[in-house]
Amino acid sequence: MDDSERHDQSDWRGRQRAAVVERRSPWPQFDTSEPTSWMLNLALLVVLCVVVMAIATAVLRQWRASQTDGVTTTAIASATTPLSAPPVNGERSAARLDFVAAQELEKEARAKAQAIADERRAAAIRAREAEEQAAAQASALSARWEREWQAYYRKPPQCEGTRPDIDSVGCANDYIRARRAFDEQFSASLRRR
């Protein structure tokens with residue numbers, strides 16, 4: 001292949017290839033010679049944000065006005081007046097009665113929640129005490145089993161560790177038979193109680 005073939009700008013069909021396009025950075029390049037383009041875009045963005053906020057504020061105010069309808073302000077006003085004050089009109093006394101009823105309901109709910117919390121706390125204490133008692137009984141039973149096993153099992157003389165001709169398989173089988181017999185005897189004594 002010579003140099004003329006390497007610099008050939010045609011594709012495999014013989015058509016001329018398009019010129020190489022230079023890749024651009026994904027980040028905007030601000031040209032200092034023309035500052036008005038990005039400043040104009042920024043100003044338009046700020047104006048758009050202000051318009052959106054103004055519309056949202058107007059919609060929120062209209063929604064809030066439709067929600068109150070004077071009922072909330074009456075309830076707030078009656079909540080701030082003392083209960084011993086004479087009723088001014090029927091609406092205020094009804095609002096005051098509603099407020100007192102709400103306080104009573106809240107008091108009952110608090111008392112019920114406190115009773116439930118106390119009951120749960122007492123149940124947790126009873127459960128912990130039962131677990132501790134069960135653990136103590138299991139520990140005592142394990143200690144009793146160990147004492148009785150030590151008193152029950154004696155190694156046969158042919159299984160003593162000082163002898164050179166020990167039959168380890170026979171000694172292990174003897175231990176297993178003694179252990180099974182002891183476990184049955186121990187379980188039977190527990191069932192009799």
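A: There are five helices and zero strands in the chain, and from the N terminus on the order of elements reads α-α-α-α-α (helices, H or I, of at least four residues and strands, E, of at least two are DSSP runs, numbered from the N terminus). This is a predicted model, in which local features need pLDDT of at least 70 and side-chain atom pairs count only at pLDDT 80 or more, while totals for chains, interfaces and linings use all residues. Residues are numbered from 1 along each chain as its sequence is written, and side-chain values use heavy atoms, with hydrogens and water left out.

Of the 193 residues in the chain, 8% are buried (under 20% relative accessible area, with exposed meaning over 50% and partly exposed in between, for a 1.4 Å probe and protein chains only). The accessible surface of the chain is about 17,000 Å², and carbon and sulfur atoms account for 59% of that surface (by the Shrake-Rupley method with a 1.4 Å probe; for residues, only the protein chains shown count as cover). Among contacts between residues at least 6 apart in sequence, 39% join residues at least 24 apart (a contact being heavy atoms within 4.5 Å).

Turning to the rings, the count comes to nine aromatic pairs (centres of Phe, Tyr or Trp rings, the six-membered one for Trp, within 6.5 Å; planes under 30 degrees apart are stacked, over 60 edge-to-face and the rest tilted). One of them, formed by Trp149 and Tyr175, is edge-to-face, with 5.6 Å centre to centre and 90° between the planes. This pair links distant parts of the chain, since Trp149 belongs to helix H4 (residues 90-152) and Tyr175 to helix H5 (residues 168-192), 26 residues apart. The two partners can also be described by their accessibility: Trp149 counts as buried at 6% relative accessibility, whereas Tyr175, at 33%, is partly exposed. Both rings belong to a cluster in which ring pairs link Trp145, Trp149, Tyr152, Tyr153, Tyr175, Phe182 and Phe186.

Trp149 also has a charged neighbour: the charged end of Arg179 sits over the ring of Trp149, 5.7 Å from the ring centre (NZ of Lys or CZ of Arg within 6 Å of the ring centre and within 35 degrees of the ring normal). Arg179, partly exposed with a relative accessible area of 31%, forms a salt bridge with Asp183 as well, and the closest N and O atoms of that bridge are 3.8 Å apart (a side-chain nitrogen of Lys or Arg within 4 Å of a carboxyl oxygen of Asp or Glu). Asp183 is partly exposed at 32% relative accessibility, and because Asp183 and Arg179 are four residues apart in helix H5, about one helical turn separates them.

Glu106 is partly exposed at 41% relative accessibility, while Arg110 is exposed at 54%. Arg121 and Asp118 form another, with the closest N and O atoms 2.9 Å apart, and these residues are three apart in helix H4, again separated by about one helical turn.
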